[in-house]
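The following note concerns the pockets and nonpolar cores of the model shown below. Please read the points alongside the coordinates.

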Amino acid sequence: MNDDSFSRVGVFLYAKARFYVRMKAVYIMSLRSKAGMKGVLPSIRRKRRIPTLNITQIKYVAAALTVCLLFHTLFAPMVDVPEWFIAVGRPALPLFLFAATEGYVHTRSRQAYLKRLLLCSILMTAATFAVQELFPNRYELSLMGNAFGTLFISVLYMVGWDRLNEGLALKERSKIRDALFVFLLPVAAIMPLAVVGILADTDINHVVLQALTFLALCIPNFFVISHGVLYILLGLLLYVFHEKRVVQAGIVILYGLWFQYIYGGGEWCIALAAIPVWLYNGEKGRGRKSFFYGFYPVAVIALYILSWLVDRFIVM
């Protein structure tokens, strides 16, 4: 190898060395820049960040609003309860429907989830039926509205919606028939209650009539659930658009405006449920399954008995 070749090799190695030195200097400068801004940029971002809610926190909000709604419903006939209590409580059921939608999407066993809701609905009916028999009130307050029944039928319709989509996609008539059967079940469940209504006009034994009434009320249908068919439709719509958070929030707002137009009063407050829906971050949180399954019946029964005591020993 001649001197000219050694010279070219030396120039090449020198250029390479300078390139690596420059790249290292740029890298070190970038690290210093990041270290220098470390105490500035993150703090700015934290201040501008919008807080989010997980599904457990949304349930806590719904539970607090439920207490306001129940307090107005059970105490308004006997004491002066501000009307804003019932308005504030309006978003509670839409939020629980939203939580039920997320529960159905993420549960390990949808069948077990549906069975739990049905069991809670039956136990809730039994508990409220017994409480009203033991503590009759003079204001004809009724505890027939069963939120667990609303959640059960909503989730049942989610199952029907999935079966219908599968049947249409695979062109299987059996799955389409199954879906139609599921959709008609809550309608057919009205029949036992209608039969009891007919028997009430006859000379049937009172104890037998009470027993038949209880059994008819245990079957979730559109007459015994809380807030009726329109909330079942809301739950189904929230499921259909469960991956589109903005659309879900928009549906809740439209429901609030629609109810305000139909019923007036503070029904527009339903639209406020859109805020937690929009802030949902897709996380479960701590869950607290046992607490939330037990909260609703305990709150209803405790407030009902408390209202009975207030009416019996204070108001009278």
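Which residues of the largest nonpolar core touch the most other members?

1. This is a predicted model, in which local features need pLDDT of at least 70 and side-chain atom pairs count only at pLDDT 80 or more, while totals for chains, interfaces and linings use all residues. Residues are numbered from 1 along each chain as its sequence is written, and side-chain values use heavy atoms, with hydrogens and water left out.

2. Leu 117, Phe 148 and Val 155 touch the most other members of the largest nonpolar core, which has 70 residues. A nonpolar core is a set of buried Ala, Val, Leu, Ile, Met, Phe, Trp, Tyr and Cys residues joined through side-chain atoms within 4.5 Å; buried means under 20% relative accessible area (1.4 Å probe, protein chains only). H7 supplies the largest share of this core, 10 residues; helices are DSSP runs (H or I, at least four residues), numbered from the N terminus.

3. Beyond its neighbours within four places in sequence, Phe 148 has contacts (heavy atoms within 4.5 Å) that include Leu 117, Met 124 and Tyr 296.

4. The largest pocket has a volume of about 1,200 Å³. A pocket is an open set of points on a 1 Å grid over the protein atoms alone, where a 1.4 Å probe fits, with protein on both sides within 12 Å along at least five of seven lines; lining residues have an atom within 4 Å of a point. The volume is the space filled by probe spheres set on the points, which are joined across faces, edges and corners. Among the residues closest to the centre of this pocket are Leu 117 and Phe 148.

5. H5 gives the most to the lining of the largest pocket, with eight residues.

Conventions
Helix = DSSP H or I, 4+ residues; strand = E, 2+ residues; numbered from the N terminus. Buried < 20%, exposed > 50% of the residue type's maximum accessible area, 1.4 Å probe, protein only.
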